[in-house]
Amino acid sequence: MPEQRRSSTPQIRIALDAMGGDNGPSVVLAGAARVAAKRPDVTFLLFGDSALVEPLLRSHAALAKVATVHHSDVAIKMDDKPSQALRTGRRVSSMWMAVEAVKRGDADVAVSAGNTGALMAMSKVCLRTMPQIDRPAIAALWPTLRGRSIVLDVGATIGADAQHLVDMAIMGAAMASIVLGVPTPSLGLLNVGIEEIKGLEEVKAAGRLLRDAALPHLDYRGFVEGDDLGRGTVDVVVTEGFTGNIALKTAEGTAKQIAQYLRDAMGASLLSKLGYVLARKAFDAMREKMDPRRVNGGVFLGLDGLVIKSHGGTDGLGFAGAIEMGYEMAHHDLLSKIRESLTLAQEIRTPGVSPAAESS
């Protein structure tokens, strides 16, 4: 596979799985239309059932000028197991074809709102991982009191040894330098306490490696706890996929719970309704900050190609956010930044040996 897939032209070419997600082409095209109106340097490759996609595309005149439709008879279902998706959808599904466009060099990034497990499985088989990376991770934007942070892994793989945690730290910092605009992002390992004696041995070993290496492209701050996620204590929080996914779903559920509490309280009496009217601007600002559509899009880090996972139940605004994430990653050449960072960190890698086992 070629080291550099980017075209010499300034255009960013985005492949979309038009059939992915709970609502399929209508949401995908609505999101793409939003981005097309904002980004004159973007072109789209739409993969899906042309009988469904083309009529919708005709209703988005500006998008139709910068998009091509590539027919696929097969759409991966949201409840398909990854193995099943590979058996039925390899080479023929809209999801596979979008990812394969990146592999061929026809697209700079693929975006899908489809089945997460199937998308990860297809991406790993089609694109493979970078030579230095054993397992990919999903990195997500996280709204905080300070602005935004990046949290990974939020569900790609269960469990992690010290080397995998270090790899995620390196990749997450490279992503943060693009998304957050911070040359040397601060980073912490999620743990049950900030003391170095606490936590799993793998986490403690990863902490020692990061602290002793003093890598120039990230500012390792030690361990962080669950409440630091919302505070934005660091720019990048690293954990393994099981814990990260639970944290993500807990945060989403809490946001919905708080929103419902506010709706109930504001409608409880005439006085509270009046209070809502007087404070409406403040409530609208809070609602916007808590809106998950504004931070939609998880990046599959560690693959030898760019793939973005959108939330399956999002709307056009949310899917546009996932496309924007893909645009930024391609425009700023995230893959090259990760490769460079991994090369700089080569001194703390021991091929074939888990640092956790080495330190025990």
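This is a short chat about a predicted model of a protein chain.

Me: What should I know about the model before I start?
Reply: It is predicted, so local features need pLDDT of at least 70 and side-chain atom pairs count only at pLDDT 80 or more, while totals for chains, interfaces and linings use all residues. Residues are numbered from 1 along each chain as its sequence is written, and side-chain values use heavy atoms, without hydrogens and water.

Me: What is the mean pLDDT of the chain?
Reply: The mean is 87, and 91% of residues reach 70 or more. pLDDT is the predictor's confidence in each residue, from 0 to 100.

Me: Where is the pLDDT below 50?
Reply: Residues 1-8 are one such stretch, with 22 contacts beyond near neighbours in sequence. Residues 351-360 are also below 50, with 13 such contacts. A contact means heavy atoms within 4.5 Å. Where pLDDT is low, the predicted coordinates should not be read in detail.

Me: New topic. Which helix holds Lys-204?
Reply: Helix α8, residues 201-213. Helices are DSSP runs (H or I, at least four residues), numbered from the N terminus.

Me: Is Lys-204 buried or exposed?
Reply: Lys-204 is buried, because its relative accessible area is 18%. Buried means under 20%, exposed over 50%, partly exposed in between (1.4 Å probe, protein chains only).

Me: What does Lys-204 touch?
Reply: Leaving out residues up to four places away in sequence, Lys-204 touches Glu-196, Ile-197, Lys-198, Gly-199 and Phe-223.

Conventions. Helices (H or I, at least four residues) and strands (E, at least two) are DSSP runs, numbered from the N terminus.
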